[in-house]
Structure formats: C-alpha cells, structure tokens
Amino acid sequence: MASLGPSTAASATVRFATETDVPTILALIHELAAYEKASSSVLATESSLLNTLSFPPSSTSSSAPKPGFARTLLIFPATSANAIENENECAGLALYFHNYSTWRASPGIYLEDLFVRPKFRGRGYGKRLLGELALETKRVGGERLEWSVLKWNEPSLKFYESLGARRMEGWVGMRVDDLKGTGEGGQGGEEGGELEKLGRWGKGVEWR
C-alpha cells in the first residue's frame, strides 16, 4: 500500500468546500473529536459553520464569495467520478485561517484541523493536504505554516516531523474562552466565560 500512496494522493481531487459541503464538514469535525477523545466538546452546528466559514462562489451561482473566518479544503479519492456531487466519498479535510508574524512582517496560515478518515489513511492524503496549504501560504506571500498537536498523539507528531515540521518546545499555548462551564474542558465560569470577564477591562474600539 505504501507504494500506492504518492500516485494515489496526486490523483485525488482537492477543492475548497462550498456551502453545500457543510454537513460533510460537521461530520468530519465530529469524527476528529472522537479520535481526540473530546466528542463532548463539539459545539459546532451546520448553522454556526455556515455563518462563520468562508466559501467560494458556487459553480451553479453567480454570487460573490462568502466572507468568513476560516477556509476548508476537502480531499476526495481518485475513484470519485464527480467530487462535487459525491460528498459521501470525502476522505478528509484541512480547515485553516490566516495569521500574521510581526517579526517577519508577513502573513501565514494556521491549520486548525487536519483529518483523514481511517479507511483512507496510508494513501498520502494528509501529505497532499499539507502540500496544498504550503502552496497557499506561499501564494499569499507567507513564510510560515503552523498548527498544534496533542502531546499524546505521537503518531501524528512523528508524521509531521518526517515532513520537516519541528516542535515549538519553548512555547506554551494560552487560551481564554467563553464556554461558561460547558464544552471544551468545561473551564468557563458560572457567571460568564473567562473571555467575557476579560472583556470588562476593555471599552470597545470601532474599526473605521
């Protein structure tokens, strides 16, 4: 199977997700959460994904791209005759957004989720998705593609390191959220999330 990986990945179809792909995106998010033993942390719904993700114009519509906060790449096996219609054959996704490096004064990409369904693993699909993201990073003039990996996920850590990624051992991830005692980690306060509490120190600044 290993010898089939590169050719299989190269012939797979990768495209940006459209609004009609939202059910597939949500299903993949749930599958990833189950793999990471965090199913109860998923609060996303089809409605919230539609309202917050970016989508290109539909091939059947002349509407402008839908602005949002993140974009999604979907990968489909080469056996799919029509990747746009055969949503059930989706093999995985890469969901990302743009960030910025002040030291380099350049944009970059942060990979929020990379997931390949178990039955499609070993075909090089993860490498293909990361390759597309590397090209997208260069396309926008960026110099850095980064993501986070759970410490216990040694298979993924070794996979990423084999591709040239390095561990940022000198950094500790920090987060303030508004989960109000439910969802991921259940760390929110009873009277309001920590993000809401921190916001009391601000006054609000308008983008003019």
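Me: Is Phe159 buried, partly exposed or exposed?

Reply: Buried means under 20% relative accessible area, exposed over 50%, and partly exposed in between, with a 1.4 Å probe and protein chains only. Phe159 has 25% relative accessibility and therefore counts as partly exposed. Tyr160, at a relative accessible area of 11%, is buried. This is a predicted model, in which local features need pLDDT of at least 70 and side-chain atom pairs count only at pLDDT 80 or more, while totals for chains, interfaces and linings use all residues. Residues are numbered from 1 along each chain as its sequence is written, and side-chain values use heavy atoms, with hydrogens and water left out.

Me: How many aromatic pairs does a search of the whole structure find?

Reply: Rings of Phe, Tyr and Trp (its six-membered ring) pair if their centres lie within 6.5 Å; planes under 30 degrees apart count as stacked, over 60 as edge-to-face and the rest as tilted. The search finds 5 aromatic pairs. In one of them, the ring centres of Trp147 and Tyr160 are 5.0 Å apart and the planes stand at 65 degrees, so this pair is edge-to-face. Phe159 and Tyr160 form a tilted pair, with 5.4 Å centre to centre and 55 degrees between the planes.

Me: Which residues form one aromatic cluster?

Reply: The cluster is formed by Trp147, Phe159 and Tyr160.

Me: Which residue lies over the face of Trp152?

Reply: A charge sits over a ring if NZ of Lys or CZ of Arg is within 6 Å of the ring centre and within 35 degrees of the ring normal. Lys37 lies over Trp152, at 4.3 Å from the ring centre.
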